[in-house]
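Dear colleague,

I am passing on to you the structure below, together with some notes on what I found when going through it. Please read them with the coordinates open beside you.

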Amino acid sequence: MSRYSQILINPFANLSDRTMLFVGSIAYLWASVQVVLFRYVPDGVFQQHLVNKISWYAGFVNVGINILFPTMFLWLLAKILYNKTRWQDVLEVVLFSQIVNYITGFLLMNPYSTSKSEVMLDAVKAGDMSLTTVAPFDMFVTVSAGIIGLAMLVYFFYLLVVGMKIAMNSKKRVHAVWIVLVVLMTDTLLHLWSPYIK
Amino acid sequence: MLFLIKFSFYMKLPTICPSCDADLRVAKLECLACGTAVIGHYDLPPLMLLDREEQEFVIRFLENSGSLKEMASQMGKSYPTVRNKLDDLIAKLKSKK
């Protein structure tokens, strides 16, 4: 298996801490700028919604919230299950896994994709439920972006589980369920509480 | 015994019986210089019960004065990956005792 495949399958075992922290931090900066450029709010651990207006610093705060809170809750879970877990390792897992969501944001929230999905939304609003007035290419772009987005969401959870299992030296399958539940709970909590700024 | 430890890094020393899967023990030691042989039943030292890769890990751990961070950076792996390996080795050694 090539080194690139190994990194894609399990970056947390095949990359050094420094590399993961560096790549994760660069991705955080990139995502913070992307949020402002594409004007959307990541109002949940893996959620993204378009807005009309956004301040220049909103990206840094919102993307930071989506790193800080999952890290905190996952670290608490990991501490309960394995006392030796370090918070740095959990932070690296969340920082690195979130890159997948930034890529999803890039694919779905860029002006080109949103213009195509708006065409579909307008058709539905006009009563064309079977989307006969929408050009096949526009549908293809939106559906493709949606499928890739879903695949990315699965990959995001896969990375979180793989990374957390290494961070807490877990060999039990049931721990994967706990990790996914904690992330879903954090996402719901953040979405309802909404500490995000626009 | 020293000979056995040194030799094991070049040739794979079997520690499990290929016939019944039980742990193997030392039955004979021989001086290569004069041919004197010592026959008896001796347990293998704990480190010899580990496989070759695990023994190399222990050697590397000693060479790095027990610094897992240093080991992780040398191996290009993350800290928890190296720590987990060490934890697994400790558990394996404890179970072999």
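How many residues does helix 3 of chain A have, and how far does it reach from its first C-alpha to its last? In this predicted model, helix 3 of chain A runs over residues 17–38, which makes 22 residues, and the distance from its first C-alpha to its last is 31 Å, close to the 32 Å expected at 1.5 Å a residue.

The buried residues of this helix are Asp17(A), Met20(A), Ala27(A), Tyr28(A), Ala31(A), Ser32(A), Gln34(A) and Val35(A); because they cover an arc of only 165 degrees around the axis, they lie on the same side of helix 3 of chain A. On the other side of the helix, Ser25(A), Ile26(A) and Leu29(A) are exposed. Within chain A, the buried residues pack against helix 2 (11–14), strand 1 (40–41), helix 4 (58–81) and helix 5 (87–109), and they also pack against helix 3 (68–75) and helix 4 (79–96) of chain B. Just after helix 3 of chain A, Arg39(A) takes a positive phi of about 50 degrees.

As for the contact between the chains, 10 residues come from chain A and 10 residues from chain B. On the chain A side, helix 2, helix 3 and helix 7 (136–167) each supply at least two residues, and by class that side has 6 nonpolar, 2 polar and 2 charged residues.

Finally, an unreviewed UniProt entry carries the annotation "domain: Yip1" for residues 21–186 of chain A; in the model, this span is 75% helix and 2% strand, with its end C-alpha atoms 22 Å apart.

Methods: Residues are numbered from 1 along each chain as its sequence is written. Chains are lettered from A and ligands numbered from 1 in the order in which they are written. This is a predicted model: local features need pLDDT of at least 70, side-chain atom pairs count only at pLDDT 80 or more; totals for chains, interfaces and linings use all residues. UniProt positions are given in the numbering used here, feature names are shortened, and annotations may be inferred rather than shown by experiment. Helices (H or I, at least four residues) and strands (E, at least two) are DSSP runs, numbered from the N terminus. The expected span of a helix is 1.5 Å times one less than its number of residues. A residue is buried if 20 or more other C-beta atoms lie within 10 Å of its own, exposed if 12 or fewer, and partly exposed in between; C-beta atoms are placed from the backbone. The arc is that of the directions from the helix axis to the C-beta atoms. Two residues are in contact if their C-beta atoms, placed from the backbone, lie within 7 Å. Ala, Val, Leu, Ile, Met, Phe, Trp, Tyr, Cys and Pro count as nonpolar, Asp, Glu, Lys and Arg as charged, and the others, Gly among them, as polar.
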